4 protein chains.
Amino acid sequence: MTAERIRYGMVGGGRGAFIGAVHRIAARLDDRYQLVAGALSSKPELAKASAADLHIAEDRAYGSFEEMIAAEKQRPDGIQAIVIVTPNHMHFPVAKAALEAGLNVICDKPVTRTLEEALELEQLVKSSGSFFGLTHNYSGYPLVRFARELVEQGKLGKIRVVQVEYPQEWLTEAADADNKQASWRTDPARSGLAGCLGDIGTHAYQLARFITQLPLDAVSADLASFVEGRPVDDNVHVLLRFEGGAKGMLWSSQVAPGCENGLRIRVFGEKASIEWAQETPNELWFGELNQPRQRFTRRADWLGAAASGVRTPGGHPEGYLEGFANIYKDIADILVARQQGETHQLTKLVPGIETGVEGMKFIQAVLNSSKADSAWTKL
Amino acid sequence: MTAERIRYGMVGGGRGAFIGAVHRIAARLDDRYQLVAGALSSKPELAKASAADLHIAEDRAYGSFEEMIAAEKQRPDGIQAIVIVTPNHMHFPVAKAALEAGLNVICDKPVTRTLEEALELEQLVKSSGSFFGLTHNYSGYPLVRFARELVEQGKLGKIRVVQVEYPQEWLTEAADADNKQASWRTDPARSGLAGCLGDIGTHAYQLARFITQLPLDAVSADLASFVEGRPVDDNVHVLLRFEGGAKGMLWSSQVAPGCENGLRIRVFGEKASIEWAQETPNELWFGELNQPRQRFTRRADWLGAAASGVRTPGGHPEGYLEGFANIYKDIADILVARQQGETHQLTKLVPGIETGVEGMKFIQAVLNSSKADSAWTKL
Amino acid sequence: MTAERIRYGMVGGGRGAFIGAVHRIAARLDDRYQLVAGALSSKPELAKASAADLHIAEDRAYGSFEEMIAAEKQRPDGIQAIVIVTPNHMHFPVAKAALEAGLNVICDKPVTRTLEEALELEQLVKSSGSFFGLTHNYSGYPLVRFARELVEQGKLGKIRVVQVEYPQEWLTEAADADNKQASWRTDPARSGLAGCLGDIGTHAYQLARFITQLPLDAVSADLASFVEGRPVDDNVHVLLRFEGGAKGMLWSSQVAPGCENGLRIRVFGEKASIEWAQETPNELWFGELNQPRQRFTRRADWLGAAASGVRTPGGHPEGYLEGFANIYKDIADILVARQQGETHQLTKLVPGIETGVEGMKFIQAVLNSSKADSAWTKL
Amino acid sequence: MTAERIRYGMVGGGRGAFIGAVHRIAARLDDRYQLVAGALSSKPELAKASAADLHIAEDRAYGSFEEMIAAEKQRPDGIQAIVIVTPNHMHFPVAKAALEAGLNVICDKPVTRTLEEALELEQLVKSSGSFFGLTHNYSGYPLVRFARELVEQGKLGKIRVVQVEYPQEWLTEAADADNKQASWRTDPARSGLAGCLGDIGTHAYQLARFITQLPLDAVSADLASFVEGRPVDDNVHVLLRFEGGAKGMLWSSQVAPGCENGLRIRVFGEKASIEWAQETPNELWFGELNQPRQRFTRRADWLGAAASGVRTPGGHPEGYLEGFANIYKDIADILVARQQGETHQLTKLVPGIETGVEGMKFIQAVLNSSKADSAWTKL
């Protein structure tokens, strides 16, 4: 028998937004969710108009997230989960209210605007009976999970060097005032003190952490704001030291002409290396010492547990939306298992509040190190 | 205001099927369809069990397509379209019945098992008031459409040479008897006289036809069945002559180790060339004479009309499912326009019955030429 | 002890020529040859001026090849070999005279202008005691030889399909009258009846023949001359049937914008495939059925006999000149062995008169088939 | 009229050496040099045997460099230049003696073992009338020079970010005692205090310096020795700050399985970026903001002055040896011009003693910073 679809309400993601639509596709792709309610904008009028676009019933198109939570609690068919796709500064209050109302939460990253908020949220999640998932979507790509499997299986030997980067070009010039995506991302009040660092640097860090499973010990960072008048960083250079002795580099940039979403990671161990790039996500390079490199594709033949995230045969490319959808699909499996009092094995693969807290600690340490002229700073 | 979702019923695509699930994802991705009914297997028991998997209401889980059509006609909320994802030999009877019942049809390719059936179906489509769409999904990729735009705009100059290919490895060895996908594809009774030719050779042909818009004049073909005992071809070599003087080559193979879904096209004109490969669908190479090659990505900045098929920014890869979904999304737009008595501009980009007939003519000509020791054979 | 350098005289290759300079670099690279004499142009004045450019002593700068052969025979330190780098129509008379004078010959391809000449030359080579080498340079690339080794070792299993191509853009437009390279190549009197076919189609054929070692049985060809007024073909489409059942396609073109020297071969067997492209000559792809593809580089670790043609470690790219030089280096080894009455093991890897004759038979069969509306034509 | 070939003597590079043979090929490729003398090993017996291998006359096969310099000065046809290809610690004494004898010097990199030696050598070069060239060969690649041209022409706008790296795998494990190349490179007495840093890190630095022409202001470095017992670094992580505000990262490693000679640079300016990798040296990527990326090949059509280093048309790959040979060819032109009292325009493109001094300053600053827990250290 097929499990019921999970009923969810969305906060943020109305007309003019970007990431909300991505979440909705991700939720819809495998038919495990139903969008039944929404507080899609901080402007009530816009929120309701946006809801109509999305086939949300009129009486469940709310003007605020508080209203939505209160009303849905009264319904027998009320929402089971809230999806948060607002600018960063709203993640915390919405998540807090949802958790206090006993709802599960799926939240876009970074988890909050500050480390303090993240730590408080961590307590809330632990004391609640709810599930909290953070959509660090890049760890939803099957070959990223396969890379993690290779590391776990010892195929690389002890890890020595981690090189990760995420360059983009889209903020190379000062953005127009009417660029909604650019404006809140470069506004500390809404995005936090980190610019490029919080927006994509955290993705790079999470990817390295996810694949290697190595805790990061300390950073030496050099942030820059190349565009005049920009109040946050737009280029991030960080040296990394991991527990156990591995070292690395992290680079993220939003002033890199010629780059679209160049997230790329290389991990080198005593025996072999892996290499993966987000723009060609259907191949993973495995380089064993003194052997020809091997190009693994997204095939069930070798993927192991990561095969659960594959919908089409190797050679039929899957991409960003499918990787994102894997996070949603896994959360659906996890929620179904929780209803039956079980812990689903995929739980460890889905980023949660700990990942969120680690991300904020990373941001904080990088900001501190950069202010201290790149002094090594513990996380 | 948002248009209502289109209600559809599926024929084929039950448990153990492959392409049915792809169609359902494609229909779901942009939230323009609702799967409300199904005759998902030729075995009634299996059909009904499969329907339950898909959240289809019990009273709309039918044991046969005839039953479904008859029952749905009686409902005020009956289906508006039928999606056909059966083995090839069932395409014709289902499509015929659907059209006769006034339903719109979305059909997997090849359109029928024989040219005769295709021609009869063409008459049926013309005399009906219904829409018939054929899911030659590769022409749904945004950069394939952009390639067509470049040709239309004269950026290549007059076309001289077309090289298209589609190698796969999956039938390199005789398939196990229990490989459902392999068994019907190599069975002339269910698949038609063409093996690899019908399964993927037609995709290659359609891609060339779609991008260049050149009518094919004649073929000189050499088919092979390399695997002992295989009753249909597994390797297809064809020389092409187009109307107007362009020449080309088409190769498709299912005995090509190392290849997954290597569909790739190159078109050379008097001024420039384009190159696109399905496994890296987010880049299109444009090679102007005596200039550095340019690598176009999937960006709205330059895509023109093809931009409608883009959901994420360049650098966030979209793939097979998104390309497939574009066909569905366009058909939804077309159906909405038809309800209002209009012809949507996307109509010309969505493969229909003419494409289906052309494909069957291509298959027939290739089979005939190969039997005649590769004599040039008109379409 | 080191063998003496081989003393050679060059015919053709004076000022304004292209391939002569390449031969001289190839001969010089490994310091196995000395250029001591030359008849570098059909114009005596130009011949002598060109010789001075090349540090050839004044008394060995000849006005014609006949003069050179006659004079050098009288010298105790006379030339041991003649290198022929003239336009095609002069290959035969020069080679004939050289062989009759007991000189070894190194000749650019194609071996002659006609099959008749090639067959006569074959007799001359056999009846002479001299060595005849044909610089089909692409078979000098170490990874091409490694590909041949893989085939010989049975790593691919029985070969089924061979796809080879060589597109260029440089004759996309009618050439200027003062383009020396273009003018003789499109002049049947100097180049032969084949245009693109003889210039680069033969390279593609030789590469396929060299790697697979399969004799070609028959061809079905469709030649085109897309540029108005061009007296020879500029685009070559050929279906191939090899002895033993393998089939293939060969495409060469000189009207392919965006292509520089796109020689590329793929060979598919029952177990695996190889793929190699001249523009990225330091990698060879090996694709075993149901395994990740492997990217072999130019490393002695696995190259076997092909390792002799490697001067730098993997990752330090070698290219066209080094591949060409390998032919020269091997011929030097062969000539030294012959002086000692031995047959060097590399002899089978260096193209000789048989390769030349096969190439002319291929050209003849393709021309005949194309005239006969692509009828299958035996070699 | 053609200039006489330059007569040179080599120090180091006897049997069992690696880079000496590369220098000899580079010198020979364009026929501008003659190897006439040698002190090819510190062991006189081996030196003389090695000379015989190389066609050096017996009376010019010397047992030591001092002997060679003294004897050659007495000859009317004595050497004009000395090529130094010894381990690092011998560069200084040989270069010093050569300069004092009025000879021109071509020296492998790094210039000396210590900064002090480099500074002393700089004074010697200035006070001598001799030419000193340093074979930082990677700046001999035509597309590297083209990259520099693009920067000079302002095509990138003001430079903001420089990412350069050079990973190799060959010292991933402790080397065998009998690996001659590995043993001296990991011995501080012969190689200097820097391991990977001096061997390849300096190549990466020089490449960045050559292309951008930006002086480096300060470094923050973290060196590692991952292989137990290794007395020098084998992994180099450096943050870079250039004069004028650009920032960057430099990574070099000799413990990176899967990497051969992965030298790669990316430079990002306000308007565009360039990307070049040594293993695919015949392509240069140019990425303008909001434009499709362009792939420049090695064609005279656009290369400007860099075209002088091109011997074959685009599409016929040239590699490591050709790039190396360009340094030699340019030095030949420079020496000829100097004989006529002129300064050749290529002088600025050939690395000299200033480049050598800068390299040693870079090494020193990186060593100091790493010892000071990555404190920013001025050069």
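This is a predicted model: local features need pLDDT of at least 70, side-chain atom pairs count only at pLDDT 80 or more; totals for chains, interfaces and linings use all residues.
Visitor: Why is the pair of Phe268(A) and Trp251(D) called tilted?
Guide: The centres are 5.4 Å apart and the planes stand at 45°, so the pair is tilted. The pair crosses between chains, from strand E10 (residues 264-269) of chain A to strand E9 (residues 247-253) of chain D. Strands (E, at least two residues) and helices (H or I, at least four) are DSSP runs, numbered from the N terminus.

Visitor: Are Phe268(A) and Trp251(D) buried or exposed?
Guide: Buried means under 20% relative accessible area, exposed over 50%, partly exposed in between (1.4 Å probe, protein chains only). Phe268(A) has 2%, so it is buried. Trp251(D) has 1%, so it is buried.

Visitor: What makes Tyr138(C) and Tyr320(C) a tilted pair?
Guide: Their centres lie 6.3 Å apart and their planes at 55°, so the pair is tilted. Tyr138(C) is in the loop between strand E5 (132-134) and helix H6 (142-152) of chain C, and Tyr320(C) is in helix H11 (residues 320-339) of chain C, so the pair ties together parts 182 residues apart in sequence. Tyr138(C) is buried at 2%. Tyr320(C) is buried at 3%.

Visitor: How do you know that Arg241(D) sits over the ring of Trp376(D)?
Guide: The rule wants NZ of Lys or CZ of Arg within 6 Å of the ring centre and within 35 degrees of the ring normal. The charged end of Arg241(D) is 3.8 Å from the centre of the Trp376(D) ring. Arg148(D) also lies over a ring face, that of Phe210(D), at 4.6 Å from the centre.

Visitor: Why are chain B and chain A said to be related as by a two-fold rotation axis?
Guide: A rotation of 180° with 0.0 Å of shift along its axis superposes chain B on chain A, with RMSD 0.0 Å. The two copies are thus related as by a two-fold axis. The superposition is by least squares on C-alpha atoms of residues with pLDDT of at least 70 in both.

Visitor: What makes Glu169(B) and Arg299(A) a salt bridge?
Guide: A salt bridge needs a side-chain nitrogen of Lys or Arg within 4 Å of a carboxyl oxygen of Asp or Glu. Here the N to O distance is 3.1 Å. The rule finds six salt bridges across the interface of chain B and chain A.

Visitor: What is noted about phi of Asn290(A)?
Guide: Phi is near 65°, a positive value in a residue other than glycine. Most residues other than glycine have a negative phi. Asn290(A) counts as partly exposed, at 39% relative accessibility.

Visitor: Which residues does the cis peptide bond in chain C join?
Guide: The bond joins Lys109(C) and Pro110(C), with omega about -10°. Pro110(C) is in the loop between strand E4 (104-107) and helix H5 (115-127) of chain C.

Note on methods. Residues are numbered from 1 along each chain as its sequence is written. Chains are lettered from A and ligands numbered from 1 in the order in which they are written. Side-chain values use heavy atoms; hydrogens and water are left out. Rings of Phe, Tyr and Trp (its six-membered ring) pair if their centres lie within 6.5 Å; planes under 30 degrees apart count as stacked, over 60 as edge-to-face and the rest as tilted.
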